[in-house]
Amino acid sequence: MVLPSSRAPIVNQLVVYKVGSADEVYGKTGIAHFLEHMMFKGTGTVGPTEFSRIVSKNGGRDNAYTSFDTTGYYQTVAPDRLEMVMRMEADRMANLRITEKELIPERQVVLEERRMRTENSPAALLGEAVQEQLYGRHKPYGMPISGYVDDVKKLSVHDLAAFYAKWYMPNNAILIVAGDTTADQVRKLAEKHYGPIPQRKVDPRRRPGEGASDLPQRVTRADARVAEPRWSRYYLAPSYHKGESQYAYALEVLARLLGGGETSRLWNNLVVDRKIALSAWASYSPSSLGLTSFDLGVHPAAGTPIVEIESAVGGLLGKLLDDGVTAEEVERAQNQLLAAAIYSQDSLQSGPRIYGGALGVGGTVADIDAWPQRIAAVTPAAVVAAARHVWRADGLVTSVLTPQEGMR
Amino acid sequence: MSRLLRALAALLVAVLVLPAAAGAVDIKAVTTPAGIKAWLVQDKSAPAVSLSFSFAGGTASDPAGQLGVTSLMATLLTDGAGTLTAQAFRQRQEDAAASVSFSASLDRLGGGLRVLSANREEGFELLRMALTQPRFDSDMIEQRRAQTIASINQANQRPNSVAARTLMETEFAGHPYANDPDGTPDDLKKLSQQELKQRAASLLIRNGLIVAAVGDIEEADLARLLDRAFGSLPVGTPPALPPEWKPPTKARTVVVERSVPQSTALLALPGVARDDPDWYAALIMNHILGGSGQQSRLFSEVREKRGLAYGASSSLRVYKRAALLVMSTASANERIAEALRVVKAELARLRVDGPTEQEVADAKTYLAGALALALDSSGAIAGLLHSMQVDGLAPDHLTKRAALIAAVKIDDVRRLARRVLRDEALTTVVVGKPVGITADP
């Protein structure tokens, strides 16, 4: 896929593999992310630690990410270096060398990354507990992307090499190039460098069609490192690709009108009118292979008990189901979604990330192109029907993050 | 479907197809009939206009007893203006897919406007209202005050925020740069509507205003709209600069105890001013030491070879009255002492042995290309045009920059490394439960 733009003399290459942490099994978690780190550790022709060094000394930048469903590698370089990074990306798609010598220090790096992102943050730790409760213990989305520490400590060269052999191949990857180039040029280069890599049979990916079996659940974390309390609620929800996906577009509109910014229902009611909260939000990300969640969150004002927040939110959700939503607020939410999409197209980085995220979980270019019309076609009745489908008392996790009494 | 919704849906399809337009960064200096000066880069590749601007004077000139007044005032500028309440003002922005925003840094009060070209009249009108008729309604003051205090409390629990704050307090002790730009809960609780209004009146002036615009807009049109938004502001006199900063002369280590498994560390040295003749040598030195990407000495020694941290980097920070070179890393409490030993050893190695010819050459290639990498959105381009003006550069600087980088000799970098990388001026801040690190009394 090519997104030409000649605003600046740069191109962005993104290769997305259709594999993520949710394709791991319990006991071997953390492989997808660890392998992402090891992809920078050399092939037969590029030495360990050389990949990024070469990109940098050619005036470029590079990095990578791992999510539940996909793993992505990207570089931004001058147009005349596109072939170079394509050659190198193709090289490590086929010829990665994973050695004990490189793996040992990198394991510590991976564990430090986890300490930084997760263990040092009470909110992140609570987030992992919520995922486990919502999707089920040891289920694909119920395990942390970075893996369980005990698993990461045991992962071997063999484990990583087997995962690499199973998932890294051209027919399980998507190439997206954006910037100052043409589709013809990209096709020519891609055929030259990715074309010769053998295609192999790739296993189908599986995601459960349901969440945890023992919902609803409530997760509370009282932590001396928390200064301000938070209340959140997570409803199991369909994505574009799993569950009752016909509700997905209406749920995007619902999240926006309910909690997308400071004109939303939650904000208006809890922050502006009743002054019992300092902020409030809702969010819904439908681009996943398996089920996803429809999330709500509130930062209570000083002195407001959590139970009052919970009952106020319950009242607002009930009112929406009983009284519906107005055509005007639906239209405003649609405007906001489309405007945000237009502005995100303005950045050379975000365009590829949007396409990569969608195509990597089975979306099509036609789906992406049809998104504005599908969002614009959502009706008030569809929003309420989607809300009714998702806001079920037996499909949710409530979480509370709170300061430990007497520890402030 | 409404007219706006139809237009947005059609635009989005058009943008996704991404018609290519002419591309080099061609900066025009514009002076409006009312005398507002701005830089403009016309870019028809996105159907939008981005404005980045700032006024002279920031949080470092908050009056005594009013710490936080500038930041709180900046937030409140978009919380209602003229006859529009906060909610009505926000609604108008959303209806035009426009966004007006303000935020304060130590030295300047910054702002931005982002609007679809088709809605630019409305976008600039909303900006005019925010600049000239902010309401400072008391319910919004209370809401923002409570949010700011909560956010300060929260930052006080995040190890990296605590480290950043402690570094500024230590390095700039006795100087206004030591103050939190968000203020202190004590002062915030006392701030009055009158004080907020006075602060707005004294900072929102044309003297010292810097404006940059990028997007699908004609020069004459921009001039007219800038005059509408900024033209009626008084000329005024900006607040006095903060006093000169006297860099610390002896090394110090500060430890802030937090119960977390990983310690976060920041190290600071007096840095290099933007107008220093060795600025480009400093960019090269920083790139070699701990600059962006995975090639730097800190990344290689701390992360790649020893696996001591996820990140290890350095950066140059420039303020109006001071400059710093800041190194950062984070490691398990038991290993942070070793990580810091490695960082300090790398500072010494670069000071004593200097860089290699190859490192200097690679840094030059990277820095020459890095500018283009930063131009990846209209907001980013507007930001660059804005910071160039803050730095006192001319519009043709971008054409000269490559030559300035190429002209740096390895001896310049050696000399600069000896000047800057001095153990005796090093401030170290560690937040966590570090093992084997002793704080200075």
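In the predicted model, the C-alpha centres of domain 1 and domain 2 of chain B are separated by 29 Å. Domain 1 of chain B spans 21-230 and domain 2 spans 252-432; such bounds come from an automatic or database domain assignment. The contact draws on 32 residues of domain 1 of chain B and 28 residues of domain 2 of chain B. Two residues are in contact if their C-beta atoms, placed from the backbone, lie within 7 Å. On the domain 1 side, H6(B) gives the largest share, 9 residues. Helices (H or I, at least four residues) and strands (E, at least two) are DSSP runs, numbered from the N terminus. By class, this side of domain 1 of chain B has 20 nonpolar, 7 polar and 5 charged residues. Ala, Val, Leu, Ile, Met, Phe, Trp, Tyr, Cys and Pro count as nonpolar, Asp, Glu, Lys and Arg as charged, and the others, Gly among them, as polar.

Chain A is assigned domain 1 (2-193) and domain 2 (217-403). Their C-alpha centres lie 29 Å apart. Here 27 residues of domain 1 of chain A are in contact with 25 residues of domain 2 of chain A. H5(A) supplies the largest share of the domain 1 side, 8 residues. That side of domain 1 of chain A has 19 nonpolar, 6 polar and 2 charged residues.

Residues are numbered from 1 along each chain as its sequence is written, and chains are lettered from A and ligands numbered from 1 in the order in which they are written. In this predicted model, local features need pLDDT of at least 70, side-chain atom pairs count only at pLDDT 80 or more, and totals for chains, interfaces and linings use all residues.
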